[in-house]
Amino acid sequence: MSNEQDLKTAQAEFRGIGTLGEKTLHSAIKHYIEPDSSKHEVKIGAFVADIVTDEGIIEIQTRAFDKLRKKLAAFLEISPVMLVYPLPRVKYLMWIDGKTGDVSKKRKSPKLGNIGNAIPELYKIKPFLNHPNFHLLILLVDLEEYRYLNGWSKDGKRGSTRCDRVPIGIAEEIHIKCVADFAKFIPQSLPDGFTSKTFREVTKTSLKNAQTTLHILNHLGIVRRVGKQGNLHIYERA
């Protein structure tokens with residue numbers, strides 16, 4: 001894979017906001033991963049793969065992992081598959097006025113993304129996570145997000161429609177090449193004998209996300225349940 005300059009090149013090529021059948025984030029990441037467009041959109045059986053190289057199949061998915069299940073089931077039986085998931089780390093918001101076409105100045109969102117934000121989507125493909133041909137690449141991406149001022153609130157922001165997302169840099173690449181690599185979801189500072197409440201406090205996530213993370217890690221054998229504390233399971237690293 002190439003460096004961040006390649007992402008900027010790909011991003012510039014796909015700068016047309018809202019004009020693509022394929023959204024900018026997906027298109028730019030696809031060209032960042034594989035600049036050779038002859039390897040893009042390759043039909044394999046009943047499905048079309050985003051990228052096919054000598055090393056295997058590469059799929060880029062920005063959301064709705066449940067829609068990948070049939071494709072993954074078919075591809076994993078015949079080839080190594082790398083699933084690339086670009087996750088927002090730093091996000092700059094810009095608002096589009098649908099009446100005038102004006103775009104607001106960008107404002108940095110106070111939220112900072114991390115690897116734990118991948119969990120809700122990974123839960124949707126849980127049966128495939130321990131397949132020997134499965135490889136996950138999480139890209140923590142800094143991006144600009146454009147939204148229409150068409151929401152239900154007075155300022156038009158709440159419930160608004162997202163127009164597009166444009167990557168401006170990649171902060172980190174996190175490779176999950178085998179089941180053992182899912183241990184990257186466990187913070188080093190987490191003490192032994194922890195509960196979902198402890199996990200939530202250390203990772204600064206919601207209780208639901210903490211419980212889902214531990215459910216997946218228990219399924220994969222990365223953690224194991226060793227007892228209970230009231231209604232909460234006690235976990236330790238396997």
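1. Lys 71 sits in helix 3, which covers residues 69-76. The model is a predicted one, and the remarks below should be read with that in mind. Lys 71 has a relative accessibility of 16%; because the cut-off for buried is under 20%, Lys 71 counts as buried.

2. The surroundings of Lys 71 can be listed briefly. With neighbours within four places in sequence left aside, Lys 71 is in contact with Phe 47, Val 48 and Glu 59.

3. Glu 145 belongs to strand 6, residues 134-148. Is Glu 145 buried or exposed? Glu 145 is buried, because its relative accessibility is 2% and buried means under 20%.

4. Which side chain does the side chain of Glu 145 join through a polar contact of 2.7 Å? The partner is Arg 147.

5. On the cysteines, the number of disulfides is zero, the criterion being a pair of cysteine sulfur atoms within 2.5 Å. Cys 163 has a relative accessibility of 4% and therefore counts as buried. Cys 178, at 40% relative accessibility, counts as partly exposed, because this value falls between the buried limit of 20% and the exposed limit of 50%.

How values were computed: Residues are numbered from 1 along each chain as its sequence is written. This is a predicted model: local features need pLDDT of at least 70, side-chain atom pairs count only at pLDDT 80 or more; totals for chains, interfaces and linings use all residues. Side-chain values use heavy atoms; hydrogens and water are left out. Helices (H or I, at least four residues) and strands (E, at least two) are DSSP runs, numbered from the N terminus. Buried means under 20% relative accessible area, exposed over 50%, partly exposed in between (1.4 Å probe, protein chains only). Contact means heavy atoms within 4.5 Å. A polar contact is a pair of N or O atoms within 3.5 Å; within protein, one must be able to donate a hydrogen and the other to accept it, and residues adjacent in sequence count only if both atoms are side-chain atoms.
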